[in-house]
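Student: I have a new model open on my screen and would like to learn how to read it. Could you walk me through some features, one at a time?

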Amino acid sequence: MTLSDLINQLGEELVDPRYTHWSRESLLSYINQALGIMAINLPHEFRVEQTVNTDMGTVFLPGDALSLLSVISAGNRSVNYIDIAKLNQLDPDWRTRQGEPSSWTQAHRDVRAYSLYPTPTETVAVTHAYSAFKDLTEVDAFPIHAAYVAAVTDYVLYRAYGKDGQNASEQNKALTHLQAFNAAIGNDVRVMGQRKQVREQSENKR
């Protein structure tokens, strides 16, 4: 499905096939807004995997990255996540250590960069995964699983019906669709929170 296909469906849903009340440009903007919100709340759905060469201790993600998801390998060797507070406790001078990276860590508020431990002594290929999103055009394919088309549709209908601010009936419809959108994201946010908790518990057992 392309975004053009989705806009065609939205025109039928809104009983506005000629897009006289809601232009195609407006509907496309609402779709991108919905996907942008989802990219922040459901980052794994917008996963990008990348390999870079580095000889530095700190690796920065590209400009379109929203947040780091994981570091997969360094120099064809798997690396494990270690909490930065634990690393500071176990090895206060860890930033000066050099060798073959065996772990990675990340400052809690720095979502677009991470550190290798120890710092590589030579250039290594590092593979990481991060979430990313940029505005799409009508010719672009729907970027995530088709199961989320309904959630995006709910957000667009919320914005569309909300345009008629003086009409109580339209406002009620808008709020209903907003609640459905938030519920769809909320369910997955809880699942992601559970997965993160499991990962942290697994790391703490090491």
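Tutor: Helices (H or I, at least four residues) and strands (E, at least two) are DSSP runs, numbered from the N terminus. Do keep in mind that this is a predicted model, in which local features need pLDDT of at least 70, side-chain atom pairs count only at pLDDT 80 or more, and totals for chains, interfaces and linings use all residues. Residues are numbered from 1 along each chain as its sequence is written, and side-chain values use heavy atoms, with hydrogens and water left out.

Student: Is S131 buried or exposed?

Tutor: The general idea is a cut-off on relative accessible area: buried means under 20%, exposed over 50%, and partly exposed in between (1.4 Å probe, protein chains only). S131 has a relative accessible area of 0%, so it is buried.

Student: Which residues is S131 in contact with, leaving aside its neighbours within four places in sequence?

Tutor: Contact means heavy atoms within 4.5 Å. With those neighbours left aside, S131 is in contact with A39, P43, F46, D64, A65, L66, S67 and L69.

Student: And what does the protein chain look like as a whole?

Tutor: The protein chain has five helices and eight strands. Along the sequence, they follow the pattern α-α-β-β-β-β-β-α-β-β-β-α-α. Buried residues account for 41% of the 206 residues in the protein chain. If you take the contacts between residues at least 6 apart in sequence, 68% of them join residues at least 24 apart.

Student: At what angle do helices α2 and α4 pack?

Tutor: First, how the angle is defined: axes are lines fitted to C-alpha atoms, for helices over the stretch in contact, and angles run from 0 to 180 degrees between N-to-C directions. Helix α2 (residues 24-41) and α4 pack at an angle of about 125°, with their axes 9 Å apart. Angles under 35 degrees count as roughly parallel, over 145 as roughly antiparallel, 65 to 115 as roughly perpendicular and the rest as oblique. α2 and α4 are therefore oblique to each other. On the α2 side, the contact is made by L27, Y30, I31, Q33, A34, L35, I37 and M38, and on the α4 side by A151, V152, Y155, V156, R159 and A160.

Student: How many aromatic pairs does the structure hold?

Tutor: Rings of Phe, Tyr and Trp (its six-membered ring) pair if their centres lie within 6.5 Å; planes under 30 degrees apart count as stacked, over 60 as edge-to-face and the rest as tilted. The structure holds seven such pairs. In one of them, the ring centres of W104 and Y114 are 6.1 Å apart and the planes are at 75°, so the pair is edge-to-face. W104 belongs to strand β6 (residues 103-105) and Y114 to strand β7 (residues 113-117), so the pair ties together parts that are ten residues apart in sequence. Both W104 and Y114 are buried. Another edge-to-face pair is Y155 with Y158, at 5.6 Å centre to centre and 65° between the planes. These two tyrosines are three residues apart in helix α4 (residues 149-162), separated by about one helical turn. Y155 is buried at 8% relative accessible area, and Y158 is partly exposed at 24%.

Student: What about backbone features, such as phi and cis peptide bonds?

Tutor: Most residues other than glycine have a negative phi, and most peptide bonds are trans. Here, V15 has a positive phi near 50° and is found in the loop between α1 and α2. N76, also not a glycine, has a positive phi of about 65°. As for the peptide bonds, a cis one joins Y117 and P118, with omega about -10°.
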